[in-house]
Amino acid sequence: MSILDAAQFQPVATGGLGHPGSTLAHSMAWFRDALYLGTSSPSTRGPEDLGRIHRLDPATGEWAEVFAAPVLPLDDIAQARAAWLGSGGGGGMRRQHATAGAMGEHFGIRSMTVFQGASDAAPCLYAGTMSIWGGQVLRSEDGTTFAPVMAPGNGDDTVMSFRGLTVFGGRLFASPAGTITEERIDRNLAPQAVVLVSDDPASGIWTEACIPGFGDPVNRGVFSLGSAHGHVYAGTGSPARGFQLWRTRAEGDAPYAWERVLTDGAFRFNHNLSTAAMAEFGGDLYIGSGIPGFGYDVDNDVGPCACELIRVRQGGSWDLIFGEPRFTPDGLKIPLAAMGPGLGDPYNSVIWSMGVHDGVLYIGTHNWEPNDIAMNGGGAPLRGGYQLWGSTDGEAWVPVLIDGNGSVTSTGVRTLLSTPVGFFLGTSNHTKLLQTQARLRGGGEDLAEVSAGFDVWLA
Amino acid sequence: MPDPLFIIAPPRSFTSVIGGMIGQHPQVYGMPEVNLSHGDTLGEIWNSLTAALNFGTAGLLRLLAELHEGEQSEEAVIRARHWIQRRLHWSTAKVFAHISEAAGGKMLVDKSPRNTMKVENLQRLHRMFPAASFLHLVRHPRSTGKSTLELLKAYGAGGASRRAEFDPEQVWLRSQSHILEFSRELAVGQYMRIKGEMMLADPMLYLPQICDWLGLSSDAASIEAMLHPETSPFACIGPPSAPFGNDPNFLNAPALDMARLARITEPSLEGDVDWRPGEQFSKPVMRLSRQFGYG
């Protein structure tokens, strides 16, 4: 096994595949010998900015759009909800005053996985969507026809999306994420912090896999799901106390018996506000932390600070891989990678994605240095952008891609996927946001010719 | 000389008892409050320290008396004062070097309250000791404030208690802000933070961790020594002209009362501030408190 190097990454999609408003390569799955890519337009401003699913035929290198959310007219309630979408970022946002008369039923595809439910004749592709009418889970048998297998928001149309689709023990798990109403938007905190489960999504029946907030009201949302060493893991967010990590063997009927593995943001308290990406590697669970956006929770005045990486072993003990050294009830935690928060870069606010490929664990960051320069740099040329790091043992990390791999407006590695044809990396691109931020502060000329929309790279 | 440990915290943050514990480690020399961070020379420092009850000067006087003569009699303290007055031109770094040598080259531990009154004081310590360790002790702002007011009521130190505008919440906030600003200059691992309540509730869990962080032995004998801060020569009331040099409450009862420590609780952040009825903690205090793990 060896860590990929930058020269091995080749672009297979640029500029949002012709849709500059598609800023996020949000989710990926390998299905029927092809790559499926779910894309999002989180700052959608009209009917062009849709949630889409694209298929890449690895034999030909050709992309095909297999799903585009139907465009629906906006009534008064939908207009009021849509008005919140134009401002990007996390909570505490400005409301956009004018909206288009119509927009996509789904403005993003936040999560994807392949799963065979009880009544599925074969493995199907499942996708969690983002919508102002309530997020849903879509299902496709053939990769071309998609239909919802859940009522909008699973019965609460203020639930903005579903993420973390995770297959474990013949069941599909998902977590509601975000709230959208006429009065407010929160892109991460759902009305209730719960995990849903179904062994037969096609039936449309989903049940709560845990009690709300795991019985602790400090848990405001379930931010990520994953599986490792015989458990499903759920990571929460709490602006007051920091994340908690829970796990279950999912035995018997839901709601299952859950065990709390970490609390109080692994004793970094609310600077580890929420969990982010998770992955199993070498038999252990790796968990990234962070504060969404620019590492600062505007609504709750938490941060700014950079992300951490934590490793949880099957027995429940844990290591700090990089982050703030500290004294804890579980012993002294010194970062094994000898690096502080954000891999030593204060702008790495979140570990947005993880992937294991050819025996190497990779993590992709969200890096807001370009935004800081655009807003506070006095017209200075932008610098920074996402980073991809790799490790063969989970402890020694080397940078693979830095500075957005040559694109300063590429601020995040939003998704990573290992496939039989190689390792795919999907980005988040904030060209328009950065142009606006820089223009308002007397700069941005260097962004005039930069393309907008996500990119996908293959190594 | 080994790099020292500075315990940095707002006043009334358990620095006396925790500093006393760490200071009794066999590889460590726990000092009283020497207040050597707010000037570049001994004269600059000495001339600025308050004489009221010798709160500011007693620690250094007692330390020098002990190091020079092995006792803290009134006569030894007077001679220590003369020693200082003849060396007002010495740099602060030279004074520290003298103390370190006299202390037998052990790791010095300092917990002087002056250290956190200004960011520059902390930066001065860092310039003198680029590889020093900094342990940030935090305590809930409600109990810190109540403890501050109780001490001022009992001893009436300085003019602070007489000033109507004195607010221990602001003292807490200012000191914490200085520490956090300073901590951003430090290398990973050079600065650590711990909640005093958490540590005192289970010293057997946290003392070995502190030893491991500092590179000190965490064997059973060392931990046992740390559980006896009362064995320090400075853990008692001093002679008439230098009675304190540390928290008077600690000096009067320095032995650990494990049952009492186990009862330490964290109060709520919500509700009226005890000394300002009808008002809540300010947003900056709430923000930092939650960052420290309270709430």
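**Helices, burial and chain contact in a predicted model**

The axes of helix H8 (residues 168–183) of chain B and H14(B) cross at roughly 55 degrees and come within 10 Å. This is a predicted model, in which local features need pLDDT of at least 70, side-chain atom pairs count only at pLDDT 80 or more, and totals for chains, interfaces and linings use all residues. Residues are numbered from 1 along each chain as its sequence is written, while chains are lettered from A and ligands numbered from 1 in the order in which they are written.

Me: Why are H8(B) and H14(B) called oblique to each other?

Reply: Angles under 35 degrees count as roughly parallel, over 145 as roughly antiparallel, 65 to 115 as roughly perpendicular and the rest as oblique. The axes cross at roughly 55 degrees, and H8(B) and H14(B) are therefore oblique.

Me: Which residues of H8(B) and H14(B) meet?

Reply: B:Glu169, B:Trp172, B:Leu173 and B:Gln176 of H8(B) meet B:Pro284, B:Val285 and B:Leu288 of H14(B). The residues of this contact comprise 5 nonpolar, 1 polar and 1 charged (Ala, Val, Leu, Ile, Met, Phe, Trp, Tyr, Cys and Pro count as nonpolar, Asp, Glu, Lys and Arg as charged, and the others, Gly among them, as polar).

Me: What makes B:Tyr29 a buried residue?

Reply: A residue is buried if 20 or more other C-beta atoms, placed from the backbone, lie within 10 Å of its own, exposed if 12 or fewer, and partly exposed in between. B:Tyr29 has 23 other C-beta atoms within 10 Å and is therefore buried. B:Tyr29 belongs to strand S2 (residues 28–30) of chain B.

Me: With which residues is B:Tyr29 in contact, leaving aside its neighbours within four places in sequence?

Reply: Two residues are in contact if their C-beta atoms, placed from the backbone, lie within 7 Å. Apart from those neighbours within four places, B:Tyr29 is in contact with B:Gly23, B:Ala103, B:Lys106, B:Met107, B:Leu108 and B:Val109.

Me: Which residues of helix H5 (residues 92–102) of chain B are buried?

Reply: The buried residues of H5(B) are B:Thr92, B:Val95, B:Phe96 and B:Ile99. They lie on the same side of H5(B), because they cover an arc of only 100 degrees around the axis (the arc of the directions from the helix axis to the C-beta atoms).

Me: How many residues of chain B are in contact with chain A?

Reply: 16 residues of chain B are in contact with 15 residues of chain A. On the side of chain B that touches chain A, the residues divide into 7 nonpolar, 5 polar and 4 charged.

Notes:
Helices (H or I, at least four residues) and strands (E, at least two) are DSSP runs, numbered from the N terminus. Axes are lines fitted to C-alpha atoms, for helices over the stretch in contact, and angles run from 0 to 180 degrees between N-to-C directions.
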